[in-house]
Amino acid sequence: MKRKYGMKKAISAASVAPTTYAWAIRALDLRVRTGRHLAVNGLDLSLGVGVHGLLGPNGAGKTTLMRVLATVLRPAGGDLELLGHSVPERLDLRTLRRSIGYLPQEFGFYGRFTVREFIEYMAWLKEVPARDVPDAVERALERVRLTDRGNSRMKTLSGGMLRRAGVAQAVVNDPEILLLDEPTVGLDPEQRVAFRSLLRELGTHTCVLVSTHLVEDVVAACTDVVLMDAGRVVFHGVPADLVELGQEGAVGDSSAERGYTELLRRHRATGGVA
Amino acid sequence: MTAHISTGLLGRYVTGDTGIAPDVLWAVEAHLEECASCRDRSAEVGDVDTAALLARVRTGLDAAVSATAPAPGRRRWLPSRATRWVTPLFVPWLATTVLVVLVALGFDLAAGARNGALPSLVVLLAPVAPFLGVATAWTRRFDPAHEMVAATARAGLGLVLRRTFVVLVVVIPVLAAAGSLVGASPARWLLPCLAFTMCALALGDLVGLPRATAGLALLWVAVVIGPSIVTARMSVLLTETALPGWAALTALVTLVLIARRNSAAELR
């Protein structure tokens with residue numbers, strides 16, 4: 001089949017390029033310092049394509065892990081490989097960052113920007129090629145169902161809409177690693193259901209890591225669960241494991257929540273040696 | 001591998017022909033991993049029906065997309081290209097800087113009207129005048145979007161230099177106007193101003209821009225502004241004799257910045 005009228009091809013060489021790494025995220029004995037103490041201390045984790053739910057109590061090191069994966073923090077020790085690049089060497093941080101999407105826990109923005117301006121600005125910062133920016137921005141808005149609010153100023157948006165704008169800026173560069181730190185905070189139940197289906201859609205081609213306190217979000221939308229406590233991974237399995245464990249646990253309102261508390265209880269009972 | 005895969009073989013591979021010998025199959029896959037042009041061809045040689053269907057859908061979509069008018073953009077308060085150079089954060093800080101220079105000018109003019117013996121406050125302040133703007137070019141404390149921006153590909157020295165450039169473009173003309181009103185030649189303050197800005201950027205690479213600017217500004221007040229006002233004599237650092245020194249400092253710090261440009265990608 002010949003290309004006609006300069007039409008773009010439906011399948012490009014880039015879209016069928018093979019990946020040359022086994023895991024999008026691979027950490028071995030990772031240690032990250034925040035202030036004086038190690039917030040992440042000896043963490044081992046290998047994540048590929050899919051939606052990975054990151055659970056854990058406050059202060060477990062979830063946000064620190066997110067920040068080091070977003071290349072905002074530097075590891076203090078251990079090995080970290082993102083998309084096959086070794087991060088402490090950081091030879092090619094710029095190329096690596098083009099393939100990462102990140103929604104921080106404290107999502108700050110410029111109130112006078114419209115949603116569309118804000119996402120265009122983020123697309124420029126992420127070095128999305130200039131001619132692709134308008135399409136990428138519309139696609140990102142469409143994905144989070146914010147197209148009709150594209151011209152509203154950021155400061156006029158409700159909490160749920162702000163979160164969605166945050167997700168839109170994270171996905172505008174079609175990242176291979178997508179890091180969402182507590183994206184469901186401030187969403188109403190209906191929006192959370194829509195958000196879960198967005199997560200599942202994103203997770204078919206992308207390594208999505210979602211940190212959350214809502215165990216039911218993880219069970220509903222994630223392909224696997226990572227439970228963190230005191231800077232290391234306590235449990236890494238599928239949501240069904242969590243539900244199954246919940247049959248034995250005592251504290252919690254749903255079987256998944258009971259599974260979560262049961263796992264933490266067992267981990268702490270063995271003195272933190274998993 | 002030098003030769004590309006023949007169209008016939010590629011077609012068989014794409015359609016999943018089981019008759020391809022294992023060694024040939026291995027060679028084809030190894031080649032496809034490396035060769036973008038053969039991957040590009042693989043979309044065309046395989047399943048003709050699917051390729052035609054995809055092309056048809058694409059044409060239809062392109063037509064539908066171009067038929068829908070884009071949402072009417074509202075008037076922007078900053079043109080989109082301007083956001084590549086400044087953040088909304090800059091406006092109050094730059095306004096403060098301009099105000100400070102104007103106040104210094106007021107003092108100079110008032111002092112000049114009385115006796116004219118005091119050193120010019122505009123010249124004394126000139127080297128640190130861009131600092132309010134430079135400090136806010138890259139800061140977690142004042143920039144609400146900092147965490148997000150710091151994780152993007154453009155984060156680093158390039159972005160900081162762009163923003164610093166804007167600060168200088170605003171501050172230098174104001175200083176030039178104020179300087180000419182008090183009769184100070186631009187040569188006396190322009191080089192110290194540039195040298196100090198570059199020093200702040202280099203130091204900011206280590207300790208963060210707000211700390212770097214605050215430290216240098218304190219140093220400048222203690223070593224130059226204070227003594228100059230107390231003794232009522234212009235510091236030797238701001239006379240023509242110090243110019244070669246300032247030029248050398250600017251060149252040296254520029255070299256340091258160039259050498260460390262990659263580490264700046266992790267600026268805090």
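The following legends describe close-up views of a predicted model.

**View 1. Crossing of helices α3 and α4 in chain A.** Helix α3 (residues 115-125) and helix α4 (residues 133-143) of chain A have axes that come within 10 Å and cross at roughly 125°. The two helices, α3(A) and α4(A), are therefore oblique to each other, and their crossing is right-handed. On the α3(A) side, the contact is made by A:V115, A:R116, A:I119, A:E120 and A:A123; α4(A) contributes A:V133, A:V137, A:E138 and A:L141. Sorted by class, this contact between α3(A) and α4(A) comprises 6 nonpolar and 3 charged residues, with no polar ones.

**View 2. The largest nonpolar core.** This core has 104 residues, and A:M154, A:L180 and B:L175 are those with the most contacts inside it. Its largest share, 9 residues, comes from helix α10 (residues 186-207) of chain B. A second, separate core has 34 residues, among them A:A24, A:L82, A:V226 and B:A151.

**View 3. A:T71, a buried loop residue.** A:T71 is placed in the loop between α1 (62-69) and β4 (77-82) of chain A. Its relative accessibility is 3%, under the 20% limit, so A:T71 counts as buried. With neighbours within four places in sequence left aside, A:T71 is in contact with A:L82, A:L93, A:L96, A:R97 and A:I100.

Methods
Residues numbered from 1 in each chain as written. Chains lettered and ligands numbered in written order. Predicted model: local features only at pLDDT ≥ 70, side-chain atom pairs only at ≥ 80, totals over all residues. Heavy atoms only, no water. Axes fitted to C-alpha atoms, helices over the stretch in contact; angles between N-to-C directions. Helix = DSSP H or I, 4+ residues; strand = E, 2+ residues; numbered from the N terminus. Parallel < 35°, antiparallel > 145°, perpendicular 65-115°, else oblique. Left-handed = near helix turned anticlockwise from the far one by under 90°. Contact = heavy atoms within 4.5 Å. Nonpolar A, V, L, I, M, F, W, Y, C, P; charged D, E, K, R; others polar. Core = buried A, V, L, I, M, F, W, Y, C linked by side-chain atoms within 4.5 Å. Buried < 20%, exposed > 50% of the residue type's maximum accessible area, 1.4 Å probe, protein only.
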